[in-house]
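Here is a friendly walk through one structure, written for someone who would like to know where to look. Please keep the 3D view open while you read.

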Amino acid sequence: MTSSNLSHLPGSNPSPENYGDQATVPLGVELVLVKLSFGETLILENLELILPAGQITCLLGPSGVGKTSILKILAGFIPLTGNSRITCSDSLPLHSRVSYMDQSDLLLPWASVVENVAIGARLRGERPDLMRAREILCDVGLKDWLSARPDILSGGMRQRVALARTLMDDCPVVLMDEPFSALDALTKLRLQDMAAKLLHGKTVLLITHDPIEALRLGHVIHVLSGSPTRISNAIRPDEAIPRDPASDSLKSHYSDIMEKLSQTEADIT
Amino acid sequence: MRFFRPGITIIGLFLIWALIAAIAGLPKFILPSPQLVLVTLFDKAELIAGHAVTTLTEILLGLAFGVAFGMISALLISAYRPVRQWVLPLVIASQAIPVFAIAPLLVLWLGYGIGPKVIVGALIIYFPVTIGFLDGLNRTGPAWINLASLLQQRSSHGRILNSYYLYRHIKIPFALPALASGIRIAAAVAPIGAIVGEWVGSSSGLGFLMLHANARVQTDLLFASLLVLTFMAVSLYYIVDYGLRLALPWQPDQKNLLS
């Protein structure tokens, strides 16, 4: 599959007036992974993953199927090997257009909330746009905590700072590795709503082991299962996100996902 | 109460000392009573203070040089892997070679001034500072390094400048608590260097004064000098510890062994 095959993805033909502005043009991404192994162990092979432009794609699966590895490959932490490739809808490299949110907040304990959000510019030796950092922090509801040090914040607040940092560089592609998994149910729900709103228009890969989270936020949901790992067909619930996980229409999707997940169990036993 | 505990311990030890001195009835050149030592301390305050200033200068200069060279070595070893094989044996040698063995050589080369004492002090301090800081620099979490490398993908600078910013904003701050532990150990052992240097060859300093008092069987003066040295060493540790905690308020392990 070449980049021309991606032309069906929204965002691949940007209108002239905003062409080249990576913040406003959603970017479609395609990953073809021929083989991924750790030492002798084959984790997965022949995987094709499409991240439609401006949509949230959820990768769902138990631990050990290589979810995080896929994300690390897209982030450039693990180099591509062989014929594996990453293709973007504008035919430019994905490099430098990705931001990343981890399961742990990765806040710098000595720096204020604002400085944590602005750390990207500091690491590039640029003058940080503190105005923008403050605006984003207001968006995530931390207006009153701008100069606080992270150690006095709650887990949910810390993760909101991490979300603000992820949004700070305005990258078109956002990779999230189980960002809400360490939070209590209510905080998780609120942060999912917030993320759905603030990530609007961005191409997101969200890794999770929580089927409810995938159903709430995913425009497209893939289940990873088996050994070596296979990727399921895309599940595309109709409603706009964030969805109510208790709604009737999601029930069939839920049982579909659970069935796909339990196939993993069948493979193992 | 917390503040008084060290004071109570010290007073208790003095009482035991006074008791032993009184009961054993040893001549005062073997074990002078604490009362006599205190009297000597005040009688010869000017003499002792003069020598104490020399020793304190040596300790502080040794500490400054040892910490500075230790930090530079740790940064070099951490930033340039190949340097490790060249420098690490030297770092270990600095700790393994008994300072008593090289102090006479330093006196031979540099004379009776404070130079050899500062070098001996710096040599003792160099090791804990280098190892502490290096350990901290190498222990920055891989998740943080990954995040930083992703944020730096958009950088307009080259590899070396990016590496500099990574150290400046991530690695060095993360290593500061480990460096602080190294400096605490350094502050505790720093006086050893000065005293060893003075014993080998000097014309002033508390070590010099103690050596002479011992030779002339002025045991009370020896004890008085020892008290001053102990006071200086303990104060130095507490001041350094206090300063380090002020400098790193975000450090998780605020509880200290001695507080």
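**Chain A as a whole**

Please keep in mind that this is a predicted model. Chain A holds eight helices and nine strands. Of its 269 residues, 52% count as buried. If you look at the contacts in chain A with a separation of 6 or more, 69% of them come from residues 24 or more positions apart.

**A sheet of three strands**

In chain A you can find an open sheet of three strands in the order E2-E1-E4, with antiparallel pairing. Its edge strands are E2 (41-51) and E4 (85-88) of chain A, each of which pairs on one side only. Neighbouring strands of this sheet are turned by 10° against each other on average, direction ignored.

What packs on this sheet in chain A? Helix H1 (residues 67-75) of chain A does, touching E1, E2 and E4 of chain A, and its direction makes about 120° with that of E1(A).

E1(A) and E2(A) form a hairpin with two residues between the strands, where A:Gly39 takes a positive phi near 60°. Towards E4(A), strand E1 (residues 29-38) of chain A is joined by four bridges, again in antiparallel fashion. Here A:Leu31 stands opposite A:Ile86 in E4(A).

**Salt bridges**

Side chains of opposite charge can pair when their charged atoms come close. Over all chains, the count comes to 15 salt bridges.

| Salt bridge | Closest N and O atoms |
|---|---|
| A:Arg158 and A:Asp105 | 2.7 Å |
| A:Glu115 and A:Arg122 | 2.8 Å |
| B:Asp241 and B:Arg245 | 3.1 Å |

Which parts of chain A does the pair of A:Arg158 and A:Asp105 tie together? A:Arg158 lies in helix H5 (residues 155-168) of chain A, and A:Asp105 lies in the loop between strand E5 (98-101) and helix H2 (113-117) of chain A, so the pair ties together parts that are 53 residues apart in sequence. A:Arg158 counts as partly exposed at 22% relative accessibility. A:Asp105, at 14% relative accessibility, counts as buried, because the limit for buried is under 20%.

For the pair of A:Glu115 and A:Arg122, both partners count as partly exposed: A:Glu115 has a relative accessibility of 24%, and A:Arg122 one of 26%.

The chain B pair sits within one helix. B:Asp241 and B:Arg245 are four residues apart in helix H10 (residues 219-247) of chain B, so about one helical turn separates them. Is B:Asp241 buried or exposed? B:Asp241 is buried, with a relative accessible area of 2%, whereas B:Arg245 counts as partly exposed at 24% relative accessibility. Back in chain A, salt bridges that share partners join A:Arg124, A:Glu126 and A:Asp169 into one network.

**Nonpolar residues of chain B**

On the surface, a nonpolar patch is formed by B:Leu61, B:Phe65, B:Phe69, B:Ile72, B:Leu76, B:Tyr80 and B:Ile114, with about 640 Å² of accessible area together. One of these residues, B:Leu76, is found in helix H3 (residues 45-79) of chain B. B:Leu76 is partly exposed, with a relative accessible area of 38%.

Another leucine to look up is B:Leu123, in helix H6 (residues 115-138) of chain B. B:Leu123 counts as partly exposed at 22% relative accessibility. Which residues does B:Leu123 touch, not counting those up to four places away in sequence? The contacts are with B:Ser94 and B:Ile102. By contrast, B:Leu123 and B:Arg154 are 31 residues apart along the chain, and their C-alpha atoms are separated by 43 Å.

Technical notes. Residues numbered from 1 in each chain as written. Chains lettered and ligands numbered in written order. Predicted model: local features only at pLDDT ≥ 70, side-chain atom pairs only at ≥ 80, totals over all residues. Heavy atoms only, no water. Pairing = 2+ DSSP bridges. Axes fitted to C-alpha atoms, helices over the stretch in contact; angles between N-to-C directions. Contact = heavy atoms within 4.5 Å. Patch = residues over 30% accessible without salt bridge, like charges linked within 9 Å, V, L, I, M, F, W, Y side chains within 5 Å. Areas by Shrake-Rupley, 256 points an atom, 1.4 Å probe, with all protein chains shown as cover. Salt bridge = Lys/Arg side-chain N within 4 Å of Asp/Glu carboxyl O. Buried < 20%, exposed > 50% of the residue type's maximum accessible area, 1.4 Å probe, protein only.
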